[in-house]
Every structure is written in structure tokens, then in C-alpha cells.
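These are my notebook entries on one protein model. I set down what I looked up, entry by entry.

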Amino acid sequence: MGIFNFLLLTITLLLNLLLLAATAYNVGDHVPLFVNKVGPLHNPSETYQYYEMPFCRPERLFEKKETLGEVLNGDRLTNALYKLEFAVNKTGVVLCNRKLDRGNVAKFRDAIMNDFYFQMYYDDLPLWAFIGKVEDESWAVDGKGPKYFLFKHVQFDALYNGNQVIEIRAFGDPSQVLDVTEDVDFDVEFVYSVFWKDISTPYKNRMDRYSQTSMMPILRKTHWFSCVNSIVMIILVMGLLTVLFMRHLKNDMRKWSAGAEDEEKEVGWKYIHSDVFRCPTNMPLFCAVLGSGTQLLTLVFALFVLAFLGILYPYSHGVIYTSIFGIYTLTSAIAGYSSASIYSQFVETGWQRSILLAGLLFPVPFLFTVFILNSLALYFGVTAALPFGTIFVIFLIYTLVAIPLLAIAGMVGHHYTSGFQAPSVTKKYRREIPLLAWYRKIPAEMFLGGLLPFSATVLEFHHLCATVWGYKISTLPGILFIAFASLVILTTMLSVGLTFFQLAVEDHEWWWRSVLRGGSTALFMFAYCIYFYLKSNMSGVLQTFFFFGYSACMCYAFFLMLGALSFRASLIFVRHIYLGVKSE
């Protein structure tokens with residue numbers, strides 16, 4: 001399967017190197033500028049096409065041919081009247097003279113009331129600016145506020161180094177505004193200015209400013225505290241497990257191996273050696289969970305690799321969405337191979353069902369959510385709505401690439417996997433499980449297995465939510481990788497420890513429970529998403545559905561990933577301890 005990931009990485013790298021290639025300009029050269037979308041500041045999913053607002057527009061509109069990732073990102077790039085030639089200063093250039101009727105005035109006022117901004121791309125650099133401003137009653141001259149003012153003058157500040165564009169900003173001039181508080185007709189003249197300045201920042205660092213928010217002093221302290229918190233948590237859990245294994249497990253193994261009959265009754269986990277490797281119930285679904293979780297885990301690590309290579313960067317024209325779709329499609333082979341190989345180790349027939357479930361387990365809930373959200377987006381007319389052509393292309397690629405890879409890899413996993421070599425023979429009849437205390441049952445173990453990893457990474461999870469659902473980048477790939485690595489380590493260690501506690505009370509049904517213990521962290525994540533939404537300024541039916549729909553999908557993906565990881569860690573541990581014991 002590594003060849004597919006290698007090919008994907010190579011192709012994506014080459015394509016993005018072409019996209020990121022520096023474009024050189026001479027003084028006065030045309031630099032491409034596209035208007036994109038408008039929307040409320042606090043509702044990132046509620047964006048509309050730029051010309052749905054009554055801005056100045058060209059006689060003929062030309063939409064830029066967009067990539068799959070740009071469409072998935074909700075970008076709708078269109079030509080503009082602004083002419084920002086390279087290194088040419090302009091002052092007070094008339095963009096257009098426009099008559100605004102009462103309906104247009106009301107539309108602008110509603111937009112200003114909801115903190116609407118517009119977004120453009122200049123030489124592939126994103127820029128934002130507010131449409132207008134609000135003056136509260138306390139600031140209004142006549143005391144009758146609030147008043148709403150539309151910016152008539154947009155100023156662009158562009159920075160360049162040699163013959164390359166490095167940075168650009170836009171803002172409305174507060175001294176040239178139009179009062180749109182009342183519904184009256186206006187004749188308004190829109191103007192713009194451009195000012196260029198030479199700087200020494202190299203071209204390769206021009207995207208760094210979009211990540212500067214994450215390195216503010218307060219956020220930097222938060223990141224450090226999060227890292228220290230994760231390290232301390234790992235050390236504490238590791239210390240507890242070390243004490244447990246050194247004082248209990250090692251002595252138990254030595255006693256049983258030596259055949260100390262008078263002490264055998266003190267060793268609880270040794271009595272279930274004939275049941276501990278018994279197949280769990282609903283084996284096809286179990287193997288599908290492991291296959292889907294392994295696929296998603298591979299996807300996450302591949303995204304980190306692309307981020308570290310500099311391919312994924314802030315506001316990269318939807319490259320991250322293209323990468324997610326491409327990698328997920330190719331890693332379908334991993335899901336098919338993992339689910340079929342695990343199933344075939346225990347059962348000879350029926351492996352096809354595990355492959356089928358592996359192909360449905362995550363895509364079906366996700367696509368159902370996307371269908372609901374896309375229907376809402378079409379109803380509200382936002383740019384998040386996917387065109388029919390894009391949906392058809394996605395369906396075609398998934399059908400022609402992902403499904404064959406899933407099936408072929410599944411057949412390979414079935415035919416080239418030997419039977420499971422259990423350290424002990426499994427008896428025909430199950431051993432009865434003793435009555436368990438409440439703190440040894442599934443809910444209590446899920447609570448403990450999910451709380452500790454989540455508490456170690458909650459700060460970075462907050463910054464991740466703030467980055468996805470906010471207007472600033474609050475974290476960086478390196479910091480996220482440390483948090484994710486901490487999450488993986490803690491999940492693995494807790495899975496091993498809780499599995500041993502379960503076996504110690506002669507409870508041999510650890511297979512599904514190990515998955516639930518590891519995946520329970522996702523439940524805490526979703527609970528925090530609810531808290532995050534309640535504390536945010538997001539509002540409206542559309543944004544609420546988008547937030548909870550995609551948050552649920554993200555947490556479900558974490559459940560599958562951490563559940564698969566937890567089981568694999570427990571399996572390695574269980575095999576190790578029973579390999580060290582003499583078979584009776």
C-alpha cells in the first residue's frame with residue numbers, strides 16, 4: 001500500500017510546487033485579482049458570492065476555473081473592476097458610480113449589522129476587509145444611534161520585494177462613508193487607492209503572516225502549557241503502569257510459570273487463558289471498525305507529512321480538501337486489507353462482509369451529513385453548496401478508484417494472511433464472567449479511558465476548533481502534531497492498563513471494550529464542541545447545522561482512529577503476557 005501513498009505524495013508535491021512557484025512582475029504589470037465571497041464574521045459557513053451584494057461589477061463576469069479543493073472550500077473566484085498594477089501607486093481612482101435603491105441600501109445595512117466582510121485573492125494572497133461600520137448610540141452625534149455606514153473608499157496597502165508580491169492588506173476608509181441607516185435612494189461614487197512599499201521579506205516567507213496569531217504571547221504560553229500538561233500526564237500514567245506491571249504482572253507470570261500451586265488462586269487473569277483469544281461477537285463489524293480506523297489514522301499522519309513539507313499552508317486555495325479527498329480515496333486499500341486480514345485470521349468464510357462494512361462505516365454517515373448540509377446550503381444560497389458537477393466528479397472518482405482499491409486490497413489481505421497464532425488454546429465453551437463492580441463496567445472504563453487523554457489535549461483541541469470555525473489561525477501543524485502524538489501515547493498506555501485490570505477480574509471480553517475505551521475520547525471531544533458553540537458568537541440555523549454536522553463527523557473519525565489504535569495496543573499486550581506463561 002506504500003506505493004499508492006508515495007505516488008500521491010509525489011503528484012501532490014509537484015502540483016503544489018507549480019502553484020507555489022514565484023511569479024515575477026515588472027513595474028506596471030497586471031497582477032491577477034479575483035473577488036471571492038462575502039459573509040458574516042462569526043458564521044464561517046454562511047458565505048455568499050461577492051456580487052450578490054450590490055457592489056460595482058464588470059460588464060461581463062468571468063468565473064475562474066477552480067480546482068476540486070477550491071469548490072469544496074466554498075470559493076467562487078470572479079473577475080473584478082479593481083486594477084492593481086505591480087508597484088503602481090494610485091489615489092482616489094473611481095471604481096464606478098452607482099445608484100443604490102432602497103432595497104440595495106437595506107441589503108448593505110443588514111450586512112453591516114451582521115459584521116459582513118469581503119474576501120479577495122491578489123496574486124494568490126487572500127485579503128479581507130469589512131463592508132462598513134456601526135456607530136452605537138453612545139457614539140452617534142445626534143444620540144439616536146445606532147447608525148450604519150458603508151465604506152465608499154477601499155485602500156490597498158501592498159508590499160513587494162524586488163519583482164514579487166509579498167503581502168497585501170485592504171481596509172475601508174472611515175472618513176469616506178455613506179450613511180445607510182435609512183431606506184432612501186443614493187447616488188454613490190465608489191473609489192479605491194493603492195500604495196506600494198518595498199520590504200526585505202523573502203518570497204518563501206510571505207504566507208507566514210497568516211499564522212502570526214498562533215504565536216501571540218498569550219497563545220504561545222497556552223501552547224507551552226498544553227505541551228507541559230501532556231508530558232506530565234504521560235509521565236504520570238507511565239509511572240502508574242510501570243508500578244502496576246513491576247509489582248503485579250511480573251510476579252504473577254513468575255508464579256504461574258514456576259507452577260506454585262498454593263499461590264495460583266491469587267492470579268486472576270491466568271484462569272481465562274482459554275477464553276481471552278476467543279473471537280468477539282459481530283466479527284465483520286469489529287474488523288470494519290479496525291480497518292476504517294487504520295485508514296483514518298494513516299490519513300492524519302499523511303496530512304501531517306504534507307504540512308511539514310510545506311504543501312499544506314494557511315489559505316492554500318483548498319489544497320487541504322484536495323489532499324484529504326485524494327489520500328482518503330487511495331487509503332481505501334488500507335481499510336480493505338486491514339479488515340480482511342484481521343477477519344481471515346479467525347474465520348475462514350464471510351470476509352467479504354467485513355470489506356463491505358469497512359467501505360460503508362465512515363463514508364455512509366459522512367455522506368448522509370453532507371447531503372443534509374448541502375441541501376440546507378442550496379436552500380440558503382451560500383457558497384458551501386456543492387454544484388452537481390462537483391458531486392458527480394467526486395462520486396465518479398470514488399467509484400472508479402476507492403471501491404476497486406478496497407476490494408483488491410481486501411482480497412490480498414484474505415489470501416495472504418495466515419491464521420491467528422494464539423498463545424493458548426481456546427476452549428469450546430465460554431467461561432462465565434464473575435459479577436463486576438460498577439467501576440469495572442463499560443461506562444466507568446470509557447469515562448476514565450476518554451477523560452485522561454482528552455484532558456491532556458483539550459487546550460489544543462480548543463485552538464483547533466477556533467481555527468476551523470473562526471477567522472484566525474490559532475495553532476500550527478507542529479503544535480497539533482505534538483498534541484496528537486500525546487493523544488496516541490496516552491490512549492495506548494491507558495488501553496494496556498485498563499485491559500490488564502479487566503483480565504485481572506477474569507473478564508475475558510476485552511475486544512470490543514478496548515475499542516470503546518479508546519474511542520471514548522471522541523465523546524468528550526463532541527461534548528466540548530457543544531460547549532465551544534455555546535460560548536461562540538455563531539448563530540442561525542445554517543451555521544448551527546454546519547457546526548454540529550461536521551463536528552460530529554470529525555469526532556466520529558476520532559472514535560474510529562483511537563478505537564482501532566486502542567485495540568491493537570491491547571492485542572500486543574495480551575499476546576505478550578500470555579506468551580510468557582506456560583500452557584496447561
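Entry 1, terms and model. I take two strands as paired if DSSP finds at least two bridges between them. Helices (H or I, at least four residues) and strands (E, at least two) are DSSP runs, numbered from the N terminus. I note that the model is predicted, that local features need pLDDT of at least 70 and side-chain atom pairs pLDDT 80 or more, while totals for chains, interfaces and linings use all residues. Residues are numbered from 1 along each chain as its sequence is written, and side-chain values use heavy atoms, with hydrogens and water left out.

I recorded 15 helices and 12 strands in the protein chain. Of its 584 residues, 50% count as buried; buried means under 20% relative accessible area, exposed over 50%, and partly exposed in between (1.4 Å probe, protein chains only). I looked up the accessible surface, which comes to about 28400 Å², with 65% of it belonging to carbon and sulfur atoms; the areas come from the Shrake-Rupley method with a 1.4 Å probe, and for residues only the protein chains shown count as cover. For contacts (heavy atoms within 4.5 Å), I found that residues 24 or more positions apart account for 79% of those with a separation of 6 or more.

I asked how many of the residues of strand S5 (residues 116-122) are buried. The count is 7 of 7. Phe 116, Phe 118, Met 120 and Tyr 122 point one way from S5, whereas Tyr 117, Gln 119 and Tyr 121 point the other way. In a regular strand the side chains alternate between the two faces of the sheet. Strand S1 (residues 33-40) is joined to S5 by 7 bridges and runs antiparallel to it; Pro 40 stands opposite Phe 116. S5 is also joined to strand S6 (residues 125-130), antiparallel, by 6 bridges, and Tyr 121 has Pro 126 as its bridge partner in S6. The hairpin of S5 and S6 has 2 residues between the strands, and Asp 123 in the turn has a positive phi of about 55 degrees.

I found strand S9 (residues 153-161) paired with S10 in the antiparallel sense over 8 bridges. Asn 161 has Gln 164 as its bridge partner in S10. This hairpin has 2 residues between the strands, and Gly 162 takes a positive phi near 70 degrees. In strand S10 (residues 164-172), 7 of 9 residues are buried.

I traced 3 strands in the order S7-S8-S11, with antiparallel pairing. Strand S7 (132-135) and strand S11 (177-179) are the edges, each pairing on one side only. The twist averages 30 degrees from one strand to the next; axes are lines fitted to C-alpha atoms, for helices over the stretch in contact, and angles run from 0 to 180 degrees between N-to-C directions. S7 pairs with strand S8 (residues 147-151) over 4 bridges, and Glu 135 has Lys 147 as its bridge partner in S8. Helix H3 (residues 102-113) lies across S7 and S8, at about 105 degrees to S8. I also noted the charged end of Lys 133 over the ring of Phe 149, 5.8 Å from its centre; the criterion is NZ of Lys or CZ of Arg within 6 Å of the ring centre and within 35 degrees of the ring normal.

Entry 6, aromatic pairs. Rings of Phe, Tyr and Trp (its six-membered ring) pair if their centres lie within 6.5 Å; planes under 30 degrees apart count as stacked, over 60 as edge-to-face and the rest as tilted. I recorded 46 such pairs. Phe 86 and Tyr 160 are edge-to-face, at 5.5 Å centre to centre and 70 degrees between the planes. Phe 86 lies in the loop between strand S3 (78-79) and strand S4 (90-100) and Tyr 160 in S9, so the pair ties together parts that are 74 residues apart in sequence. Both Phe 86 and Tyr 160 are buried. Trp 510 and Phe 567, in contrast, are stacked, at 5.6 Å and 15 degrees. Why does Trp 510 count as buried? Its relative accessibility is 0%; Phe 567 is buried too, at 3%. Ring pairs link Phe 286, Phe 346, Trp 510, Trp 511, Trp 512 and Phe 567 into a cluster.
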